[in-house]
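Hi everyone, thanks for coming.

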Amino acid sequence: MLRLDTRFLPGFPETLKAHAEALKAAQEALLAKRRDPQNMLGWIDLPEDTETLREIRRFREANPWVEDFVHIGIGGSSLGAMALEAAFRQSGVRFHYVDHVEPEPILALLRTLDPRKTLVHAASKSGSTAETLAGLLVFLDWLKAHLGEGWRRHLVLTTDPKKGPLRAFAEREGIRAFAIPENVGGRFSVLSPVGLLPLAFADADLEALLMGARKANEQALSPLEANLPLKTAFLHHLHRHLPVHVFMVYSERLKHLPAWFVQLHDESLGKVDREGRRVGTTALPALGPKDQHAQVQLFREGPLDKLLTLVVPEAPTEDLLLPEVEGLEEAEYLFGKGMFQLLKAEAEATYRALAEAGQKVYALYLSEVSPYAVGWLLQHLMWQTAFLGELWGVNAFDQPGVELGKRLTFALLGRPGYEGLADGSMEKQM
Ligand code: PA5
């Protein structure tokens, strides 16, 4: 369950009503795009894909020997898996993320792993991302060196169903490869095998996660009154003059969620719009209560240039009673209270303090940090982003701005076809 609180944004309900027609038009325009797969709206259907879920379950059951799960992928091919696994892992499987190209941590990881008990999962929609290919080369070589012909059982891929080097490699070598539907882009792929496969090895409740995501779908397809993602998208639209958007989550279990959201928001919406204007707001990750001892100073007394979203659980899934301890009278006010009560009080206090400072802030309450509620939240945020794309006149599903950096990297590494790009003759190639 997800609940919106805008008590410190007076007049919001009235403003929302006044914009009902424009919002309905944005909703209709987005939904009309579902008909064309080129528009990359396949993420809407992922929560309904029970066949893929069954396949993933079967694969997990067929591989009970896995003790270490190495996930190679970057951006949308790792951040969601990492956020959900950290929150909902129930198995004893240890997870390791190779989402970088720094040799030292990879070498350190290789020294600790037993190849016989390790499953390597490389996830890449395009199948051609340099960081992911580099990680795969290293782990493939390591598996082959230690396991000989047995290496195939220790590698699984997730990639485009038809295209790209990873799909071709899987077919040639007979490697198990799950599919990210063609019409699903990287940062919208968390509920595809990119996220579900690692989560299956974490023994997380995948059905509940997808069931929650279906609730967000239900809301997003509803008229404005019941359409939470359209409402939060409008909140952002209304405050688009504020350059910074703080996404602050009050849950240690969800500590990696802000990074997933930052990619979703910034890469989808920081663009040149149809009129040629640069648009977008900069999402900033924050974690409560830790950031009350860090960034909140800036949020309270620094520039009033922010819209803040506080994501706050309403109830614990399990609580811890704070015991009475003699000699620590300073802590008496805590004796006998649930630890969650402290967490909740801190979130509420920060909420009020930020509003009092004059920052624009709203809260999204999660019934609790469960796969169901978080599945709902993730899909909600994807809808919010998609609606904002409509409102801001940008394509939320492409990322032309990252291309030049990729091409320059290829040129610097001497990849054929990119010659000259890195030595000042860039213009000719563009
Ligand atoms: O959102 C996106 O599409 C990108 O940020 C990708 O997630 C990222 O570049 C990784 O791409 P790929 O999954 O093709 O390796």
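So, how many helices and strands does the secondary structure of the protein come to? It comes to 16 helices and 12 strands. And overall, its radius of gyration is 23 Å, close to the 22 Å that the globule rule gives for 430 residues, so the protein is as compact as a globular protein of that length. One thing to keep in mind throughout: this is a predicted model.

A bit more on the whole chain. If you draw a box along the principal axes, the C-alpha atoms fill roughly 65 × 60 × 45 Å. Of the 430 residues, 41% count as buried. And take the contacts between residues at least 6 apart in sequence: 75% of those join residues at least 24 apart.

Okay, let's zoom in on strand β4, residues 118–124. Here 7 of the 7 residues are buried, so the strand is largely enclosed by the rest of the structure. Which residues point which way? T118, V120, A122 and S124 point one way from β4, while L119, H121 and A123 point the other way, and all are buried.

Now its neighbours. Strand β2, residues 68–72, runs parallel to β4, and 5 bridges join the two. If you want a spot to look at, find H71, which stands opposite H121 in β4. Then there's strand β5, residues 155–159, which also pairs with β4 in the parallel sense, over 5 bridges. There, A123 stands opposite T158 in β5. And if you follow the chain from β4 through helix α6, residues 130–147, to β5, you get a right-handed β-α-β unit.

Next up, the ligand. Which residues are closest to it? Those are G75, G76, S124, T129 and G186, out of 14 residues that surround the ligand. By class, the shell has 1 nonpolar, 10 polar and 3 charged residues.

Last stop: helix α4, residues 79–88. Is it mostly covered or mostly open? Mostly covered, with 9 of its 10 residues buried. The buried ones are L79, G80, A81, M82, A83, L84, E85, A87 and F88.

Definitions and conventions
Residues numbered from 1 in each chain as written. Predicted model: local features only at pLDDT ≥ 70, side-chain atom pairs only at ≥ 80, totals over all residues. Buried ≥ 20, exposed ≤ 12 C-beta atoms within 10 Å, placed from the backbone. Helix = DSSP H or I, 4+ residues; strand = E, 2+ residues; numbered from the N terminus. Pairing = 2+ DSSP bridges. Right-handed = clockwise from strand over helix to strand, strands pointing away. Rg over C-alpha atoms; globule rule 2.2 N^0.38 Å. Contact = placed C-beta atoms within 7 Å. Near = placed C-beta within 6 Å. Nonpolar A, V, L, I, M, F, W, Y, C, P; charged D, E, K, R; others polar.
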